[in-house]
Amino acid sequence: MEVSTNLGRVSLVPRGRYDGAAVYNRLDIVEYEGSSYLVLADGVTGVTPQAGAVYMLVAEKGDRGDTGAQGVQGETGNGITGIQRTAGSGAPGTRDTYTITYTDGSTDTFQVYNGADGIGAQGETGNGIASIQRTAGSGAPGTRDTYTITYTDGSTDTFQVYNGADGTGAGDMRAETYDPTGKAQDVFAYADAAAAAKQDALLGQPGQVVVFNADGKPEAQDPPDTGVTSFNGRSGEVVPQEGDYTAQQVGALPITGGTMEGDVTVPWGKKIIFGAEGPDYGRLEFYADLSGDAHFQYADDPDITERESTRIGGIAAPKYNDEAANKKYVDERAAAGRRGVNLLDNWYFPDTINQRGQTEYTSAGYTIDRWSIEAGAKLKVLEDGVVFTPNPSNYNTCTQYVENYKELVGKQLTLSVLIEENTCANCLLWFYGGNTDNFVCVTMNGSDKLYSVTMTPKSNITSLRCGFQGRNSAGSVKILAVKLELGDQQTLAHQDAAGNWVLNDPPPNKAQELLKCMRYQLVFNWTPENFAVGYGHTVSTTAANAFLPAPTLMRTTPTISNTDGNNWNCIVNGKSVKITSISVWFASKICIGIRLSGDFSMGSSYPLTINSSGANKVIFDANL
């Protein structure tokens with residue numbers, strides 16, 4: 001017969017350090033304050049171990065042992081004995097070299113850049129702002145609120161803010177003044193739209209001229225029928241022809257007074273009389289003698305031989321209708337009337353914006369600022385223009401994107417170009433809006449110097465490019481200027497009296513053109529002088545953030561064309577750190593943020609500067 005017997009626990013169970021919340025049973029072993037105890041009963045909890053009915057002391061904590069023998073003497077440390085400036089003067093804007101000397105005689109060096117105020121002693125701990133809270137007021141228009149600034153040292157200051165409201169007094173600024181149409185929109189977009197509307201009003205229709213009414217607003221009117229008494233050698237009453245301008249057309253009337261300049265011929269034996277004729281009236285006569293000299297005399301003075309020679313000339317500011325034929329006056333005012341707003345950036349090629357600095361571009365992409373070429377084409381930059389050479393076996397372009405193309409839908413546009421020479425038999429001046437409905441071109445061939453083409457963008461336009469396209473043709477074209485404007489007439493250039501083409505617009509302000517182009521690409525030019533161009537701080541042992549100040553707001557987050565760390569020299573705590581790569585972080589109104597990868601073994605939150613390490617360029621592209 002088989003019999004089973006439950007013997008219960010027969011061995012010790014180690015339970016580790018004593019826990020007042022645990023439940024212990026017989027034969028559990030616990031440790032408490034260095035001693036070991038055996039639990040004598042089941043279900044023990046919350047009972048502090050001590051010798052008695054519940055616990056049995058197994059091993060008691062011993063007394064502190066004797067002091068050990070003296071250890072072996074360690075090696076002598078290599079401390080710093082001194083830090084001295086060994087090169088440099090401490091002058092603002094220069095770098096000084098400092099040498100660290102160690103107790104074993106070895107040395108290290110580091111450099112410090114002296115800011116505008118030089119190297120000064122460490123200042124006292126600053127008193128920062130802990131919080132700013134509104135402590136009185138409701139923010140209602142026309143009332144004042146009180147705000148309290150609390151500093152980190154516990155002190156406070158207060159200031160008040162007036163909550164603006166639509167003024168009611170005679171001298172108050174009212175909403176109807178600073179926001180007359182209630183747009184509350186981007187002021188630049190509002191100004192652009194207003195300028196476009198004004199331009200439309202100024203253009204008028206072919207055969208019309210523009211005058212300003214009593215309210216100062218433009219009105220297109222038909223030209224007057226009255227002719228001029230003389231123009232370009234024609235005399236008598238003539239009807240204005242193409243190229244002619246009457247006084248009314250060029251705004252010559254009414255003008256009081258006037259000055260005389262240039263030469264005029266008076267035939268011998270003829271007189272010009274100033275004043276009324278008759279014995280009772282004084283008058284001044286102007287005539288030419290046998291030698292061709294001109295003279296003034298009073299009619300009652302017979303001694304005319306002693307008069308000095310005097311010359312008078314053409315009229316600089318005409319007073320009468322027939323004087324509108326004065327060529328200088330007409331040409332100047334006619335040229336002003338031919339000018340329209342150019343919708344393109346970097347349009348003047350004799351002095352072009354070329355941030356990349358190359359003299360020839362052969363790769364697809366952006367070349368001189370805002371202008372790109374397709375694969376196979378070339379763009380060469382000269383001192384007096386650019387030369388576009390298309391691929392003779394393909395179709396390719398040199399173009400500029402028009403960013404606000406949707407605002408031009410339904411408006412007539414004119415694209416014109418002035419060239420110097422053209423050996424390309426099939427080069428086009430063209431618009432392209434993403435589909436055949438919005439494509440217009442004209443072939444530039446022959447000996448003409450000026451070409452233009454017009455287009456009215458349709459509502460299905462998806463983009464707008466304009467420029468030049470080569471079509472399976474060898475040769476090249478040298479371009480001087482290009483213009484995109486509202487209206488159906490080009491105002492880029494006109495021919496002078498000798499038949500030469502002359503630009504109507506003066507060369508643009510290059511600084512302003514550069515700022516406009518910087519919205520699309522920004523080139524950091526590095527020079528051998530080793531200057532600081534950015535600043536930032538480490539964020540880990542392998543990465544850092546840096547900030548490069550930008551002179552203008554870029555249109556979108558840019559990409560970097562050169563990410564080789566060798567083009568960057570990063571200084572952290574006076575020591576150079578090798579950068580392995582860079583990438584765009586963000587683009588804001590005031591700077592471009594970049595992320596640096598490298599060995600930042602010192603850890604995070606260390607300040608850094610970025611310096612040039614050689615003559616190279618890093619390009620930030622935000623082009624369309």
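Visitor: What does phenylalanine 439 count as at 30% relative accessibility?
Guide: This is a predicted model, in which local features need pLDDT of at least 70 and side-chain atom pairs count only at pLDDT 80 or more, while totals for chains, interfaces and linings use all residues. Residues are numbered from 1 along each chain as its sequence is written, and side-chain values use heavy atoms, with hydrogens and water left out. Buried means under 20% relative accessible area, exposed means over 50%, and partly exposed lies in between, with a 1.4 Å probe and protein chains only. Because its relative accessibility is 30%, phenylalanine 439 counts as partly exposed.

Visitor: Which kind of aromatic pair do tryptophan 430 and phenylalanine 439 form?
Guide: Rings of Phe, Tyr and Trp (its six-membered ring) pair if their centres lie within 6.5 Å, and planes under 30 degrees apart count as stacked, over 60 as edge-to-face and the rest as tilted. By this rule the count comes to 15 aromatic pairs. With 5.9 Å centre to centre and 65° between the planes, the pair of tryptophan 430 and phenylalanine 439 is edge-to-face.

Visitor: Why is the pair of tyrosine 432 and phenylalanine 439 placed in its class?
Guide: Tyrosine 432 is itself partly exposed, at 27% relative accessibility, whereas tryptophan 430, at 3%, counts as buried. The ring centres of tyrosine 432 and phenylalanine 439 are 6.1 Å apart and their planes stand at 75°, so the pair is edge-to-face.

Visitor: Which residue lies over the face of tyrosine 520?
Guide: A charge sits over a ring if NZ of Lys or CZ of Arg is within 6 Å of the ring centre and within 35 degrees of the ring normal. At 3.7 Å from the ring centre of tyrosine 520, the residue over its face is arginine 370.

Visitor: How far apart are the C-alpha atoms of leucine 503 and leucine 418?
Guide: Leucine 503 lies in strand 33 (residues 501–503) and is partly exposed at 23% relative accessibility. Counting contact as heavy atoms within 4.5 Å, and leaving out residues up to four places away in sequence, leucine 503 touches Tyr348, Leu418, Ala481, Leu492 and Ala493. Leucine 503 and leucine 418 are 85 residues apart along the chain, and the separation of their C-alpha atoms is 8.4 Å.

Visitor: What pLDDT does the chain average?
Guide: The pLDDT is the predictor's confidence in each residue, from 0 to 100, and 67% of the residues score at least 70, with a chain average of 76. Over residues 223–243 the value is below 50, although this stretch has 36 contacts in the model beyond near neighbours in sequence. Where pLDDT is low, the predicted coordinates should not be read in detail.

Terms used. Helix = DSSP H or I, 4+ residues; strand = E, 2+ residues; numbered from the N terminus.
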